[in-house]
Structure formats: C-alpha cells, structure tokens
Amino acid sequence: MVSSEARNKLIHQATCFCLLAILLHPTTSSDLFRVGLKKRRLELDDVRASRVIRKLKYSQHPTVGGDSSDQNQVILKNFLDAQYYGVIGIGTPSQEFEVIFDTGSSNLWVPSSKCYFSLACYLHPKYKSTKSKTYTKNGKTCTITYGSGSISGFFSEDNVKVGDLVVKNQEFIEATSEGSLSFLLGKFDGLLGLGFQEISVGNAVPVWYNMVDQGLVKEKVFSFWLNRDTEAEVGGEIVFGGVDPAHFKGHHTYVPVTRKGYWQFNMGDIFVGTNSTGFCEQGCAAIMDSGTSLLAGPTTVITQINHAIGAEGIVSAECKGVVSQYGEMIWDLLVTKVLPRQVCKELGLCVFGQEYVRTGIKTVVEKERSSLLCEVCEMTVVWVQTKLKLNETKEKAFEYVNQLCESLPSPAGESIIDCNNIENMPNVTFTIGGNPFSLTPQQYILKTGVGYAEMCISGFSAYDLPPPTGPLWIIGDVFMGAYHTVFDSENLQIGIAEAT
C-alpha cells in the first residue's frame, strides 16, 4: 500500500500539470474577441503531454486582412511554449472549457459528465447536458485516435461561445474515455479543430465552417499570433475574420493549400546556416499545425539538422526528467517499503502494456516512448534503492542518479542541446513560397527543468509518416511562434509573415 503522504504527492504531481493555470475570462470590446493562454517553465512531460502532436489521424484519412470592425479576436494562454489554449463556452448558461485551437484536426471535443473511468476526466471540467437549455441530443458514437492515445464518446449539439461569438447548434463530441497519460498531464480540457471537414470524424461540421455559414465573420480568414515571451501575460491571439496588423511585420507570403483536410502546402529546400540539406530541393509536403508544439519531419533530415546544431539524443534528458518529476515520489515509495518492482506501476509509467490490450491503437513510436519511460523509471528505482541500502542521503542519491543519467547512450529521436552553446548555433531556414523563413537558435531551442535537471531541447523532432500521406513535415508552434500565420479558407491559401 502507498502511504498517505506518498499518495498525496502523487495527486499533487498530477494536479500541478493540469490545474496550475488560472482561468482567464475573455476580454472583449465592440470589435475584439479574445480567449486567454498561459505560460510556465517548460518540462519534458509538458512537451509529451502536448503531443496531441503526433496524430495517427495524419495517416487515417484518404485524403486577408480586414477592418478591425470585421474581426473577432481570441486571446490565448501559453503554457510552457508547448500548449496554446483558450477559453470557450458550451451550452446555456455557458460551461467553460480551455481548449487547444488545433489546425491539425477538425472536431470539437470536451470531457463529458458521463466520463466515469478516465482519471483525466476527474481533473478537468466536464460538460453536463442537463444543465443546458440549448442542448440537443445526438448520441452517435465515435473515436478519435492520436499517436499519444485516443478519446471516445458520442456526439451532442449545443451552442458554442468563442469569445463574443455564439455558434448555434454546433455538433461536438462528449468524451467518455480519454485513454492516455497525455490527456491527464495536459493543461487543456479538449480540442477545437480548425482543419477542413474532409478530416472531421463523423463528418461533423467544424466550428469555423459554422462561424462562416451563420454570418458571424465577414472574411473567411482566421490568423494566429503565438507569443514566445514566457514573461508575457498574453500568450497569443487568434483573429477570426481577418488579421491584426499589430501582429506582424512587412507582408505575408502566400502559398496555396495543396490538399484539403489539413492545411497542407508545399515547401522548398531547408538550410542549416548557409548549407543546403538537399532534402526538399524538389519540394516537400508540409502542414501548418497549431496543435503541435515542435517542428517534426522525416528522421533522415531531422538527424542531419540536429547533428549540425550539436544536438544529442534524448535518453539522458528523459532520465533526468524522470528524476526531476518523479524522484521524490520514487524515494518516498521505497522508504515506505513499496516493492521496487511495483514503484513505476504506482507512478503510471509502466502501464503501456495494458493500454495496448485495452485500446489497440498506439503507434510503434508511442510504444517505444512509453517503454523508454518505464525502463528509465525502473533503472532509477534500482539506483535509488542501492543508495538507500547504503543509508545515503536523498541529495547524495539524486546526485549519483543524475551522474548515471549523463552516461546513458543517446539514440536518434528528440534531442538535447548544451545550453551554453546556443549563441554559437546556426540559423535553420525553410524555403516557403520561394522566400526564406529562418529560425534562430533562440527560437528553435526550448529550455526545460531547473537546477541539476536544467537542459535545452531541440525544437526539431523526428517523425516518419509513411506514404501515401507521408512523408510529411508538421510545422508546429516552434515555427508559428516566429511567424504570424493566416489561414484563408476563401482562397485556399496560407500566409506567413514575421511575427511582432
């Protein structure tokens, strides 16, 4: 049995990831529509939780400007530069949820009051249809599968309030099961998809479509500004119906959408410093995805980029992350005589085998990542147990464990950087619409951890999506934080300009 003190620490750990941010109500005026986002120091689990990023849905489907008076702005909160989310309301009276505005998916879902067996549902607000005067029963069941887990539930219809805009009779999913630790660790309650209806599960009409059809916006354009200033109160803004000139410099470069579903386009060559990688000289398919924290691409060229910027494999970082996030709990569980082989199960880091039996939907990549966390946890337990037997202090034990973490081999995948080398690292440049869009080291490196566990993470992550959908680049928040992006559904094009 786990002691009450250890159990309280476990609950506190989960709650910190999900409930730290203060709920901000939209700030509105006659012509602005805002939904807020937050920032906090980045941790490895927060990047992992944001991976409603590696979406299996990528492989499951066959397939500017304006007056401020015409615009509705939603203020976003920035959580650790890894999750950008804002407040919406569902029902009458409005029930509030914090959702990721995700251009890489097309459904709206939030936890349901009928979600009984998923821990994530108990740490997030749940939609109660009985409390809404405008609820309409639907009941059609559905499942959305992600690389980091899945949600399942049923469709309902109700009014959805996004800032000052009220979308009537919007079809959305009440999630009754959230089958992943990612949803438990995530700050967000749900997702609001801004992709095309072609990839909408159940062919549900996306919220953006209804905004346009119900005459709530004048221009068929929405735009993103994501603030990477971790000290700023405002984490970013989405403007529905146009763009805010204060969010960008110069002019936008526009590229056509090449395939409706995701906001997919073609990009050209990629440079590290002045050297071409040669990988996309003949063009590469890419999608602009606000629901992805990093910038993901084929392993071949990501490895090339990470090698050029001096990155190393993530295993030692994962090891330090486990020590930083779970070390105290591992120590307490061992001190309270919990069997060493049970410790990582108690922490929820060695349950992926049961997940496969229950859902059967995890990818090989996710399985490997789950397996790695479990293996690192079990190694840490052995190392701590060794020091406990020698009556070493907790500080000495963790100093020893971190020394061992630094000695672990570094395979391919996500990579870490020596934080002292950032100033000497090269720019990485993407060619889009014939123009160069560069990311500086300060823009593509994310800092994580504190003290002995502090490290820097490369914003370039390997992800191989097979044909016919792949190879595919997923251009996430690392890029969108540096560049203001316009999503023009009238002319089927994406605009990119330097963000302010």
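In this predicted model, helix α7 covers residues 299-308, and its buried residues are V301, I302, I305 and N306. Viewed down the axis of α7, these buried residues fall within an arc of 135°, so they line one face of the helix. The face turned away from that buried side carries T300 and H307, which are exposed. After α7 comes G310, a residue with a positive phi near 85°.

A second topic is the open sheet. Four strands form this sheet in the order β14-β13-β19-β20, and their pairing is antiparallel. The edge strands are β14 and β20, each of which pairs on one side only. Strands of a sheet pair through backbone hydrogen bonds, in either a parallel or an antiparallel manner. Strand β13 is joined to β14 by two bridges, and the two strands run antiparallel. In one of these contacts, V272 has N275 in β14 as its bridge partner.

| Strand | Residues |
|---|---|
| β13 | 270-272 |
| β14 | 275-276 |
| β20 | 435-439 |

The surface also holds a nonpolar patch, formed by Y116, F117, L119 and Y122. Together these residues have about 550 Å² of accessible area. One of them, L119, lies in helix α4, which comprises residues 119-122. The relative accessible area of L119 is 51%; the cut-off for an exposed residue is over 50%, and L119 is therefore exposed.

Conventions
Residues numbered from 1 in each chain as written. Predicted model: local features only at pLDDT ≥ 70, side-chain atom pairs only at ≥ 80, totals over all residues. Heavy atoms only, no water. Buried < 20%, exposed > 50% of the residue type's maximum accessible area, 1.4 Å probe, protein only. Arc of directions from axis to C-beta. Patch = residues over 30% accessible without salt bridge, like charges linked within 9 Å, V, L, I, M, F, W, Y side chains within 5 Å. Areas by Shrake-Rupley, 256 points an atom, 1.4 Å probe, with all protein chains shown as cover. Salt bridge = Lys/Arg side-chain N within 4 Å of Asp/Glu carboxyl O. Pairing = 2+ DSSP bridges.
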